[in-house]
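Subject: Structure for your review

Dear colleague,

Please find below the structure that I am handing over to you. After it I set out what was found, and I would ask you to follow each point in the 3D view.

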Amino acid sequence: MALMTVTRRLAYLTCRESYLRRTTAIVSANPSSGTLSLTSLSNGTCIRQRDFTTGSPPLRADNKVTVNFVNRDGEKITVKGSPGDSLLDVIIDQDLDFDGFGACEGTLACSTCHLIFDEEVYKKLGPVTDEEMDMLDLAYGLTDTSRLGCQICLTKSLDGMTAKVPESVADIRQTGDGSA
């Protein structure tokens with residue numbers, strides 16, 4: 001019943017939006033799965049699509065990827081992240097304290113999320129973009145298997161991987177003596 005009420009309200013808002021923007025909207029509901037889809041079209045081209053569910057999906061621990069980090073002190077820290085998250089996202093979500101890590105918040109404007117991988121893991125990471133290579137050139141302790149954590153997205157094939165945090169970081173927010 002609630003799904004039909006939401007459908008009617010969305011159809012009303014869609015018609016109103018369609019009139020104002022000269023767009024066409026398609027509303028579809030699937031009561032068996034509890035999903036609702038709203039697609040806005042302009043001249044036959046999809047300009048916006050929104051999907052809604054009436055309940056929250058179950059949290060599944062089996063959909064997580066295990067990542068091992070070795071910090072600057074040599075301590076091994078094991079955490080779990082969701083497929084599609086970057087390694088920078090995992091570090092932020094898990095509140096890991098790696099000094100200076102992720103200064104640009106993943107905008108590919110620094111090299112503070114520099115990580116070093118084993119050769120077999122490095123081969124699974126995918127190609128390095130020119131922009132990432134430019135930032136890696138600024139990283140301290142660069143190796144042949146270095147990558148930026150903000151550019152590595154987790155997949156199930158990376159489950160159990162290990163990433164080493166380099167000894168030092170190029171972070172202009174720090175003074176010459178290493179203090180912030």
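A salt bridge is a side-chain nitrogen of Lys or Arg within 4 Å of a carboxyl oxygen of Asp or Glu. Please keep in mind that this is a predicted model.

**Salt bridges**

In the whole structure, 2 salt bridges are found. One of them joins arginine 147 to glutamate 132, with 2.8 Å between the closest N and O atoms. Arginine 147 belongs to strand β7 and glutamate 132 to helix α4 (residues 130–136); the two residues are 15 apart, and the pair links distant parts of the chain. Arginine 147 and glutamate 132 are both buried.

The side chains of lysine 164 and glutamate 167 also meet in a salt bridge, at 3.9 Å from N to O. Are these two residues buried or exposed? Lysine 164 has a relative accessible area of 32%, so it counts as partly exposed. Glutamate 167 reaches 59% relative accessibility and is therefore exposed.

**The sheet**

An open sheet is formed by 5 strands, in the order β5-β4-β8-β6-β7, and its pairing is mixed. Which strands stand at the edges? They are β5 (76–81) and β7 (146–148); each has a single partner strand, so one side of each has no neighbour in the sheet. From one strand to the next, the twist averages 35 degrees.

Strands β4 and β5 run antiparallel and are joined by 6 bridges. In this pairing, phenylalanine 69 has isoleucine 77 of β5 as its bridge partner. The hairpin of β4 and β5 has 5 residues between the strands, and glycine 74 takes a positive phi near 90 degrees there.

The next pairing is that of β4 (residues 65–70) with β8 (residues 161–164), which is parallel and has 4 bridges. Here asparagine 68 has threonine 162 of β8 as its bridge partner. Strand β8 also pairs with β6, in the antiparallel sense and over 2 bridges. Lysine 164, which was named above for its salt bridge, is the bridge partner of isoleucine 116. Finally, β6 and β7 run antiparallel and are joined by 3 bridges. In that pairing, arginine 147 of β7 is the bridge partner of leucine 115.

**Histidine 114**

Histidine 114 lies in strand β6. Its relative accessible area is 3%, so it is buried. What lies 3.3 Å from a polar atom of its side chain? It is the backbone oxygen of tyrosine 140. If neighbours within four places in sequence are left aside, the residues in contact with histidine 114 include Phe101, Leu136, Tyr140, Arg147, Leu148 and Pro166.

**Aromatic pairs**

A pair of aromatic rings is described by the distance of the centres and the angle of the planes. The structure holds 2 such pairs. In one of them, the ring centres of phenylalanine 69 and phenylalanine 98 are 5.8 Å apart; the planes stand at 65 degrees, and planes over 60 degrees apart count as edge-to-face, so this pair is edge-to-face. Phenylalanine 69 lies in strand β4 and phenylalanine 98 in the loop between α2 (87–93) and β6 (114–117), so the pair ties together parts that are 29 residues apart in sequence. Both phenylalanine 69 and phenylalanine 98 are buried.

Phenylalanine 98 also forms an edge-to-face pair with phenylalanine 101, with 5.9 Å from centre to centre and 65 degrees between the planes. Phenylalanine 98 has a relative accessible area of 6%, and phenylalanine 101, at 12%, counts as buried. Through these ring pairs, Phe69, Phe98 and Phe101 are linked into a cluster.

Yours sincerely,
A colleague

Key: Residues are numbered from 1 along each chain as its sequence is written. This is a predicted model: local features need pLDDT of at least 70, side-chain atom pairs count only at pLDDT 80 or more; totals for chains, interfaces and linings use all residues. Side-chain values use heavy atoms; hydrogens and water are left out. Two strands pair if DSSP finds at least two bridges between them. Axes are lines fitted to C-alpha atoms, for helices over the stretch in contact, and angles run from 0 to 180 degrees between N-to-C directions. Rings of Phe, Tyr and Trp (its six-membered ring) pair if their centres lie within 6.5 Å; planes under 30 degrees apart count as stacked, over 60 as edge-to-face and the rest as tilted. Buried means under 20% relative accessible area, exposed over 50%, partly exposed in between (1.4 Å probe, protein chains only). A polar contact is a pair of N or O atoms within 3.5 Å; within protein, one must be able to donate a hydrogen and the other to accept it, and residues adjacent in sequence count only if both atoms are side-chain atoms. Contact means heavy atoms within 4.5 Å.
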